[in-house]
Amino acid sequence: MKFMLRTISVKSNAQKSKKRNFNEDVLTNILQRLPLKSLTRFKAVNSHWLSLISSPQFVFSHMNPSIRKYGVIQVENTHTRHPYLSLRILNQNLSSSEVETIHLLNPFGKVDHNTNTDCEFFGSCNGLLLISLGGLRGRFILWNPSTREHKKICRPMYQNFPDCCIAGLGYDYFNDNYKVVIVVSSSFGKFSIEVYNNKTNSWQNKKSLGFPYIFSSNQSGVTLDNGIIHWYVKRQQVDGQEAVLLCFDSAEEKFNEVLLPKCFPKKSCGVVSSLFGKLCVCRTGYGFLHVWKMGEYGEQKSWSKVLDISFPVGRYIPLGFANNIDELVMNLDGKAIAIYNPSRRHFRTVLLSGYQNGSRVVAYVQSLVSISK
């Protein structure tokens with residue numbers, strides 16, 4: 001009799017467990033179909049829903065890297081002691097008549113008239129934006145515009161004011177961790193490399209890495225879906241300088257190089273971008289844009305030339321495609337967004353917030369990623 005009762009009890013528990021798993025799968029399937037704003041509200045339903053929606057598995061399954069948001073971020077209210085950041089985002093149809101505005105209030109704290117209230121965009125990863133405040137004086141923020149969450153990061157100050165830097169935000173898949181890397185070039189030709197660990201909320205100097213590269217201006221990192229950050233720099237050699245695609249692996253915390261296309265002019269200027277999650281390298285100047293795309297990451301033979309455009313004025317960098325893949329979204333001079341139709345060879349420029357000084361073009365995906373983790 002006891003054996004029969006024990007058997008019935010085990011079967012009953014197994015059925016309950018199976019039922020719970022079934023309900024859990026159905027719930028997850030339903031929630032994954034909902035828009036991000038609804039999911040943000042549903043976190044407050046109960047602790048179970050909060051845990052489910054906040055889990056890395058759910059966050060990444062809900063994220064769609066092929067659908068990107070494009071906008072311009074800038075500092076407003078600069079004449080007062082409480083300037084703020086505003087991000088004006090184009091609607092899904094990329095129409096200039098409909099713009100969503102998101103404000104980040106008082107990111108600088110109280111400021112006086114001698115404080116630099118400029119901002120610089122240094123890249124995005126999984127929906128998070130990396131922004132420096134007040135030039136390179138040590139203040140950064142990580143900002144998720146989709147969830148309105150942000151985190152201030154203060155880094156060690158330099159004795160000598162830096163000339164320029166390259167920086168980026170990467171993702172360590174092994175530890176579910178976001179990392180910021182910044183390489184600063186000083187006035188004396190020296191370099192300082194620092195890595196910020198979001199989980200430990202700490203900076204670490206990486207003197208041992210070495211840096212046989214040079215760059216002449218601030219450059220934001222382009223982060224692919226693999227979490228690796230990329231920049232276009234020059235390697236110092238005996239016979240001069242050679243162009244290099246430099247990348248930083250956030251998991252291993254080390255620099256590597258990605259081979260450029262064989263036909264790419266090694267002495268020319270260039271920029272890094274991405275299209276459909278693929279690494280791109282561009283030659284761009286006033287009046288032209290040439291773009292190569294890497295099909296298989298790390299394979300030099302997979303490079304192919306995908307764009308060869310001439311236009312009257314401006315300097316363009318491709319950001320991605322609109323929902324209609326016949327419309328290419330491009331960064332115009334770092335301060336506006338242009339839409340280019342390759343088949344019709346037609347440009348239309350979308351100016352957000354009046355083309356003010358200090359504005360920066362941003363591109364990112366919507367996500368539920370939490371900066372607090």
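Lys-254 and Glu-252 form a salt bridge in which the closest N and O atoms are 3.2 Å apart, a salt bridge being a side-chain nitrogen of Lys or Arg within 4 Å of a carboxyl oxygen of Asp or Glu. The model is predicted, so that local features need pLDDT of at least 70 and side-chain atom pairs count only at pLDDT 80 or more, while totals for chains, interfaces and linings use all residues. Residues are numbered from 1 along each chain as its sequence is written, and side-chain values use heavy atoms, with hydrogens and water left out.

**Salt bridges**

- The structure holds 12 salt bridges, and one of them joins Asp-118 to Arg-360 at 3.7 Å between the closest N and O atoms.
- That pair links distant parts of the chain, since Asp-118 lies in the loop between β3 (99-104) and β4 (119-125) whereas Arg-360 belongs to strand β26 (residues 360-365), 242 residues apart; strands are DSSP runs of E, at least two residues long, numbered from the N terminus.
- Arg-360 is buried at 18% relative accessible area, and Asp-118 is partly exposed at 29%, where buried means under 20%, exposed over 50% and partly exposed in between, with a 1.4 Å probe and protein chains only.

**Sheet**

- An open sheet of 5 strands runs in the order β11-β10-β9-β8-β13 with mixed pairing, and two strands pair if DSSP finds at least two bridges between them.
- Strands β11 (202-205) and β13 (219-220) stand at the edges with a single partner strand each, so one side of each is left without a neighbour in the sheet.
- Strands β9 (residues 177-185) and β10 (residues 191-197) pair in the antiparallel sense over 7 bridges, and Val-184 has Ser-192 in β10 as its bridge partner.

Notes
Helices (H or I, at least four residues) and strands (E, at least two) are DSSP runs, numbered from the N terminus.
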